[in-house]
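Visitor: I have not looked at this one before. Can you walk me through it?

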Amino acid sequence: MKKETDEDESIPEKTPPMSIENVPRIFFEAQSPESCILSILSDLPPIFDESFEASLAQKIELAESSITVVTEHLTNDVLSSQQQIFDATDTFLSLNDNIVESSDFIHSIRDQVSTVRSQTLNPILNILTSIRDLRRDTKALTVLHFVRYLTLFYDAINSSNLVWATYTLLQTQYLLFKEKSIYNLSLFDSFVGFSFKNLPTNVSPVPIEITIGELKKVKCIKNILNDIYAFTPQLMSKFDHQLKEHTENFIVDKYCVIVVAYCLLSDDPPIARVLFESCSKQIRSRSVAYFESKSNDLQTLFKFMENSCTIISNFKQFNEFHQTHQTFGSFVSELPIDIDVVLLERLPPDKEMHEKIMKLSEGLKTSYSQLTHVAESNVLQFLSRLNCTNLDALSFIRLTRALKEFNTFIKCNGLTDWIKITAADFMSKYSSASNSSIKQAVLSDSWVPTHTDNDFLSLIQTMPSTNEVVFKSDNLFDAFASSSSITTVRVIHSLICLSLELDATACFNLIVQVSTYYVACVMNSFSYPLNAIEGNELNRKIAYLFDSNFLEGCRNAFKLIPNGVSLPEQKSYERNEAQLMQMITATDGLSLLMWYLQGIRENLIKRASKGACLDKVNKFYASLVDGVLPNFRKNFSAVIIKSFIVLKNLKYQIFSSSWALNEVTIEYHQFVFIAKKAFEVLDKTLLALQLKRSIMNDIWYGTWSYISYVLISSFATVRNCNGFGRSLMASDARMISSFFRSISKMDADTTNVLEYVNAYFYQMNEFSHFIDVAPTKYKQKHIINLVKTGLNCKLSANDTKALLSKIESKYAAMLYR
């Protein structure tokens with residue numbers, strides 16, 4: 001801090017002594033002391049002029065010198081006159097003659113002295129009185145000096161430089177606290193940024209001493225001090241305002257200015273509180289605005305969460321900044337370059353400010369946590385206005401993904417619990433809705449071939465907003481499908497999408513359930529008047545129409561359907577080509593389902609990494625996808641053909657024919673030709689429909705399965721038969737298979753039929769072994785009929801009883817398998 005001084009370090013020049021000629025005439029010509037003083041002071045500069053003090057000092061010095069010179073001159077005149085009196089007295093004594101003249105002369109001298117005294121001593125006394133008044137004026141100048149710098153301090157406190165303003169306010173308060181201190185320039189040593197002038201000079205050599213406490217009692221100073229005392233809240237308010245601006249635009253140097261200023265002014269800087277109140281107010285105001293507008297759509301929620309994340313992210317910057325700035329000095333080092341270096345040096349050391357910085361850092365951490373809970377509570381309040389469980393799968397996925405992303409940012413348990421509970425409720429409702437959707441799709445399906453366009457195929461192969469590869473297939477699906485199968489694949493696709501956001505295990509279980517349920521629905525739709533599925537078991541009345549692998553796949557797959565799930569009501573179909581074409585369309589739809597399930601297979605197995613879910617998925621693929629779907633059409637064609645070709649007469653002829661022959665015959669029964677005619681009619685129908693060869697082969701395969709079942713069932717009704725009759729049965733079966741091969745251009749597997757016919761010739765041990773494998777090929781009543789009709793080997797009553805008991809136990813074990 002720079003001080004001005006009137007002292008000159010150089011040696012002053014000696015001025016010549018003043019003579020009576022140098023005394024201004026005004027001292028002799030003035031009519032009164034007052035006019036003399038006014039004349040002397042009239043040419044002084046204005047009192048607030050910097051040269052006033054010097055000019056006043058010169059005038060006072062001139063007056064003092066003039067008084068001294070005049071006094072000395074008068075004294076000399078008096079002494080000289082007295083000497084003359086003495087001389088005159090001597091002369092009077094010596095010259096008696098001149099007494100009268102001398103006496104007159106003395107009187108004249110005395111009159112002169114009286115005149116001089118009356119003209120000079122009274123003005124001098126008046127001047128001394130004025131000098132005393134000037135000393136009182138010097139005290140007033142000291143007050144003016146203090147007022148001047150208080151005003152400058154107040155201006156500094158209002159400065160936009162908050163660090164300097166705060167520092168100046170603190171130094172001013174400290175100065176005013178020193179009430180007993182004598183007012184002098186040393187009191188301003190701690191101030192920075194001011195140039196202080198010397199105090200006013202006194203006329204008296206004894207300096208005037210005035211304390212700070214005395215100065216504070218002066219009315220004009222008291223008014224200024226009231227403004228200064230009241231300015232602390234205003235300055236804090238200015239800090240708060242600028243700090244709130246930083247919630248949207250964090251600037252390091254400006255924020256450090258606020259931190260340093262707050263730390264100087266407050267023992268517990270309220271930065272965390274101010275930031276929290278500002279940010280939470282922004283979040284709540286946006287929330288209230290959305291509620292008042294009654295905007296309950298997801299886009300509004302997403303916009304609110306995005307805005308909240310922006311606000312929280314801005315607040316997080318303060319936390320992160322404090323993590324890297326743990327000392328007061330680290331904040332000082334970030335201050336703008338326009339801050340006075342001297343001021344920086346005067347700031348408190350780190351040790352004194354450490355506790356404040358730590359409190360501030362902890363306060364920000366606490367406030368950040370509170371702010372995230374404010375955002376969470378507003379989001380939960382918003383969610384309470386949405387019926388989330390009624391959202392479609394894609395919307396719920398978007399909602400869940402947005403909430404998870406939001407929660408990774410705010411990390412609040414409440415939102416995590418909400419997602420978990422709502423997702424479980426949604427999945428429960430979606431599970432029921434999925435089955436209902438598929439059930440309704442099957443009921444409304446007219447089984448007309450539906451084109452699978454590229455947009456649909458592209459949709460089900462992609463996942464929304466993720467780079468994860470879920471679907472892989474080397475083959476494109478290029479075929480027609482049923483509308484219900486397209487619906488089912490859409491549901492499975494939505495479940496795959498949900499599994500990326502929700503409980504994957506629940507989604508995978510539902511995929512298994514939905515897929516199996518749809519296959520069961522299709523099977524049941526074309527098994528009229530029988531129900532193909534009873535509970536979650538395959539109806540045994542049609543089970544023997546299927547080959548063993550398909551049958552095993554069905555049994556394992558349908559166990560995956562939960563108990564209590566009802567299949568759609570059956571429709572009655574006319575036995576015509578339309579029903580056959582509808583079945584073909586339905587199985588084409590199953591081909592679409594199989595293609596899609598194969599495409600997601602790798603991803604499902606990979607994500608169902610372990611536990612019961614993986615076992616279930618593996619069992620699902622092994623039974624349904626690998627066992628049932630690839631062989632569905634050729635196996636289930638046997639059920640369709642049952643209502644399409646009429647073989648009632650064939651059954652009757654076999655039952656009514658005589659099989660207890662006396663000799664071998666080469667003639668075939670008439671039912672052989674009934675079968676041939678049925679094959680010819682079917683071939684003509686298939687050719688008329690212009691089906692693909694692969695589809696025709698599947699239908700022929702099912703046809704032979706049905707014919708084999710009819711032959712076995714019919715042969716089982718024969719009550720009286722011998723070896724010749726059994727040989728004729730085998731011959732008839734071979735002839736029917738020959739006609740079948742000729743017409744269908746397909747192979748005919750007569751193994752089951754011939755094995756059943758030839759079982760008549762088995763010995764006891766061979767027949768017992770035959771019973772072991774019979775449950776997978778023949779109905780129980782078929783085998784019982786063989787035993788009761790009698791085998792070629794003669795059975796005792798005990799043997800018959802033992803065989804019947806074994807048959808019952810084997811089929812019972814098969815029932816509970």
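Guide: What follows is a short tour, from the whole chain down to single residues.

Visitor: Fine. What kind of model is it, and what is the mean pLDDT of the chain?

Guide: It is a predicted model. The mean pLDDT of the protein chain is 81, and 85% of its residues reach 70 or more.

Visitor: Where does pLDDT stay under 50?

Guide: Over residues 1-14. The model has 18 contacts for that stretch beyond four places in sequence. Where pLDDT is low, the predicted coordinates should not be read in detail.

Visitor: Noted. How many helices and strands are there in the chain?

Guide: The protein chain has 33 helices and six strands. It has 817 residues, and 47% of them count as buried.

Visitor: And the contacts, what part of them is between residues 24 or more positions apart?

Guide: Taking the contacts in the protein chain with a separation of 6 or more, 80% are between residues 24 or more positions apart.

Visitor: Let's do helix pairs. How do H9 and H11 cross?

Guide: The axes of H9 (residues 252-265) and H11 (residues 298-324) come within 12 Å and cross at roughly 75°. H9 is therefore roughly perpendicular to H11.

Visitor: Which residues meet there?

Guide: From H9, Val252, Tyr255 and Cys256 meet Phe318, Phe321 and His322 of H11. By class, this contact of H9 with H11 has five nonpolar residues, one polar and no charged.

Visitor: What about H15 and H18, at what angle do they cross?

Guide: At roughly 5°, with the axes of H15 (residues 393-410) and H18 (residues 483-499) coming within 10 Å. The two helices, H15 and H18, are therefore roughly parallel to each other.

Visitor: Which residues are in that contact?

Guide: Ala393, Phe396 and Ile397 in H15 meet Ser494, Cys497 and Leu498 in H18. The residues of the contact of H15 with H18 are five nonpolar, one polar and no charged.

Visitor: Cysteine 263 and cysteine 412, then: buried or exposed?

Guide: Cysteine 263 is buried, at a relative accessible area of 0%. Cysteine 412 is buried too, with 2%.

Visitor: Switching to threonines. Where is threonine 585?

Guide: Threonine 585 is in helix H22 (residues 577-599). The residue is buried, because its relative accessible area is 3% and the cut-off for buried is under 20%.

Visitor: What is threonine 585 in contact with?

Guide: Leaving aside neighbours within four places in sequence, threonine 585 is in contact with Trp447, Val448, Pro449, Ala481 and Ser482.

Visitor: Trp447 is on that list. What can you say about its phi?

Guide: Tryptophan 447 has a positive phi of about 60°, although it is not a glycine. Tryptophan 447 lies in the loop between H16 and strand S3 (450-451), and at 4% relative accessibility it counts as buried.

Visitor: Which other residue has a positive phi?

Guide: Glutamine 690 has a positive phi of about 55°, and it is not a glycine. Glutamine 690 lies in the loop between helix H27 (671-689) and helix H28 (693-715).

Visitor: Is glutamine 690 buried or exposed?

Guide: Glutamine 690 is exposed, with a relative accessible area of 71%.

Visitor: Back to H16. What about glutamine 440?

Guide: Glutamine 440 is found in H16, which covers residues 413-444. At 47% relative accessibility, glutamine 440 counts as partly exposed. Glutamine 440 and threonine 487 are 47 residues apart in sequence, and their C-alpha atoms are 10.0 Å apart in space.

Visitor: Now threonine 750. Where does it sit?

Guide: Threonine 750 is in the loop between helix H29 (723-744) and helix H30 (751-758). At 14% relative accessibility, threonine 750 counts as buried.

Visitor: What does threonine 750 contact?

Guide: Trp704 and Ser737, leaving aside neighbours of threonine 750 within four places in sequence. Threonine 750 and tryptophan 704 are 46 residues apart in sequence and 9.0 Å apart in space, C-alpha to C-alpha.

Visitor: Last one, serine 280. Which helix is it in, and is it buried or exposed?

Guide: Serine 280 lies in helix H10 (residues 271-292). Serine 280 is buried, with a relative accessible area of 3%. Apart from neighbours within four places in sequence, serine 280 is in contact with Leu371 and Val374.

Note on methods: Residues are numbered from 1 along each chain as its sequence is written. This is a predicted model: local features need pLDDT of at least 70, side-chain atom pairs count only at pLDDT 80 or more; totals for chains, interfaces and linings use all residues. Side-chain values use heavy atoms; hydrogens and water are left out. pLDDT is the predictor's confidence in each residue, from 0 to 100. Contact means heavy atoms within 4.5 Å. Axes are lines fitted to C-alpha atoms, for helices over the stretch in contact, and angles run from 0 to 180 degrees between N-to-C directions. Helices (H or I, at least four residues) and strands (E, at least two) are DSSP runs, numbered from the N terminus. Angles under 35 degrees count as roughly parallel, over 145 as roughly antiparallel, 65 to 115 as roughly perpendicular and the rest as oblique. Ala, Val, Leu, Ile, Met, Phe, Trp, Tyr, Cys and Pro count as nonpolar, Asp, Glu, Lys and Arg as charged, and the others, Gly among them, as polar. Buried means under 20% relative accessible area, exposed over 50%, partly exposed in between (1.4 Å probe, protein chains only).
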